[in-house]
Amino acid sequence: MTADRLNYPHRRHGLDHDWFRHEPTIQRPRVSWPGGKRIALWITVPVEFFPLDAPAQPFRPLGSLPSVYPDSWNYSSRDYGLRIGIYRIMRVLDEFGVRATAAVNAEIARRYPRIIDEIIARKWELMANGVDMGHVHHGGLGVDDERMLIRNARTSLTEASGTSVNGWHSPGRSHSRNTLQLLAEQGFTYVTDWANDDMPYTVTTSSGELCAMPLTYELSDRHLLVHHNLTVDDYVEQNLRAFDRLDAEATHYSSGRILSLSVTPWILGYPHRIAALRRLVGHIIASASVWSATGMEIVAAFNK
Amino acid sequence: MQSVDALTPNGIGTMLREPSRYNYLPLIDRPKIRWPKNARIAFWVCPNVEFYELDPPDGQGRPIWPRPTPDTLNYSLRDYGNRSGIWRVMEAMEKFGVRASVSLNAAMCDHMPEIVDECVRLNWELFSHGIYNTRLIYGMTEDDVRQVISDSINTIKRHSGRTVAGWLAPALSSTETFFDLLPEFGIKYAIDMTPDDQPIPIKVRHGKLIAIPYSTEINDIRVMGIRGYPADKWTAMIKACFDQLYEEGEENGTVMCVPLHPFVVGQPHRISALHDVLRHVTSHADVWLATAGEISDWYYQNHYDEAVNYQANARAPRK
């Protein structure tokens, strides 16, 4: 009965799937950012709707309403990010002239068109972030259903904004085995859910290629402040350490690097945390080595 | 566009997708609130004075105690608040001249009237936190919820002579409709939803209701009890919160609540943190040290109508 554990069908050089090749970061071609900058600062802002009736299966992403239905208390705590938190984040980034990439659930475009307007007015980039936090992509989803979810997510944003939407972020960073192929099929340029590199790399599917962009998981406010319960001082400190190390590596390898910050309205947008964002971004942007850019700007510079 | 509702496993119409109790009013586009004496911020402190039963009923939507009953450890940890912690909290509040608004399990009037009497002597506000913190309202019929509301405010009134104007459901439990029932009993404000740093109108079937900002984000039980922050990190968090809302309050008045649990903040290794918080807040000039009821009264008299009218003209969601 245990014989299948002694059978290794994918035991070979490289990975056990065909989505991308094993390419160590330090062995890849050198990257040049505009102006000869060493660090591309990429700030992403997840803009999320957590429905009261989100299903428990197959899983609920981090941040989902944790209590018994109807969890109107925690609903309102997430909604705080959409009424207040996101505008605080905008004010801070405006102070530094930084344009972010907003990963927006389709439901936001319908419920809170004002947020879309403010994103567009700032020339932030809009990235598709699924339908809402109650619709995760997972292995049990039929391919036609998932195609509809992706199309719905993107169309809602393009119709609400009048801009093109080229990047994808899955709710809870979850995929089925079809997600990458469906994103390529629908003409997305980049995907942000895999946490396995500091730099972009190429994903290959039967429907074409995608650029995998290194949106941080380890250093996101969600991971450090919500999952690990750290303080904002720890959050700032760990991100600055990453900045210093990546900056040093950029010098060492004569190749640009990316510093990805993930800044969530219902986490860092609270009044007890927002000053930490100002401190962190202020420190980073004061460095002469930094080029602040959106996802598509980084992809374009990377592909040059 | 094809509907994605069919992909929601719960089906359509069996549960609410959203509470639908308030309109969207973004930070950057809303009427201005002015507090008495042009204070920038209305600051209130909310000790939760609670009784947890040793043997609560089963079947309340979630387990009440983490261990099988009698959960003597967790029971006694909470009882510590009523034996030792609350007196330290009272001392700190009196020292800095801040009156609290107590989220009160009404059964405390029966079990430990000495504590309620002391709250009254300190001229603290009392509002309803249900009967026991071990009797959740999940799944209750409207008439059962009405009994809880009515019993709680009548008990507090009978014992203290105070008319109850506010509500927080026990342990933040809820039903789809409990907000609708509160105005039937003269409740004017609830603190069961916090999407904002200002009071907001809550839509109810009949009458009026508002939500006053409360917090689990800076609540002692969440930060020090669950997340395990040392007390000085909690103080830093609260000071940062106050400083931000004090700054923003110059433009548009804000509200900050510090929720407390005597069994958490009233521990000897933590109580100095409450002193630090109150010292920081009371050292600022433009602070209105208020009770929740005073904030509520001011808001109804000066801002409620404007907010409702403003929302009525705000941009509607796309269909």
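I began with Asn74(A) and listed its contacts (heavy atoms within 4.5 Å). Leaving aside neighbours within four places in sequence, I found Leu65(A), Pro66(A), Ser67(A) and Arg222(B) in contact with Asn74(A). Asn74(A) belongs to helix α1 of chain A; helices here are DSSP runs of H or I with at least four residues, strands are runs of E with at least two, and both are numbered from the N terminus. The C-alpha atom of Asn74(A) is 9.3 Å from that of Gly63(A), eleven residues away along the chain.

A note on the source: this is a predicted model, where local features need pLDDT of at least 70 and side-chain atom pairs pLDDT 80 or more, while totals for chains, interfaces and linings use all residues. Residues are numbered from 1 along each chain as its sequence is written, chains are lettered from A in the order in which they are written, and side-chain values use heavy atoms, without hydrogens and water.

Is Asn74(A) buried or exposed? I read a relative accessible area of 8%, so Asn74(A) is buried (under 20%; exposed is over 50%, partly exposed in between, with a 1.4 Å probe and protein chains only).

Next I looked at aromatic pairs, meaning rings of Phe, Tyr and Trp (its six-membered ring) with centres within 6.5 Å; planes under 30 degrees apart are stacked, over 60 edge-to-face, the rest tilted. I noted 23 such pairs over all chains. Phe49(A) and Tyr75(A) are edge-to-face, because their ring centres are 6.0 Å apart and their planes stand at 85°. Phe49(A) is in the loop between β1 (39-47) and α1 (72-95) of chain A, and Tyr75(A), 26 residues apart from it, is in helix α1. Phe49(A) is buried at 2% relative accessible area, and Tyr75(A) is buried at 4%. I also recorded one aromatic cluster of Trp19(A), Phe20(A), Trp194(A) and Tyr201(A).

Last, I checked cavities: sets of points on a 1 Å grid over the protein atoms alone where a 1.4 Å probe fits but cannot get out, with lining residues having an atom within 4 Å of a point. Points are joined across faces, edges and corners, and a volume is the space filled by probe spheres set on them. I counted eight cavities of 30 Å³ or more.

Notes
1 Å grid on protein atoms, 1.4 Å probe; cavity = no way out; pocket = protein on both sides within 12 Å on 5 of 7 lines; lining within 4 Å.
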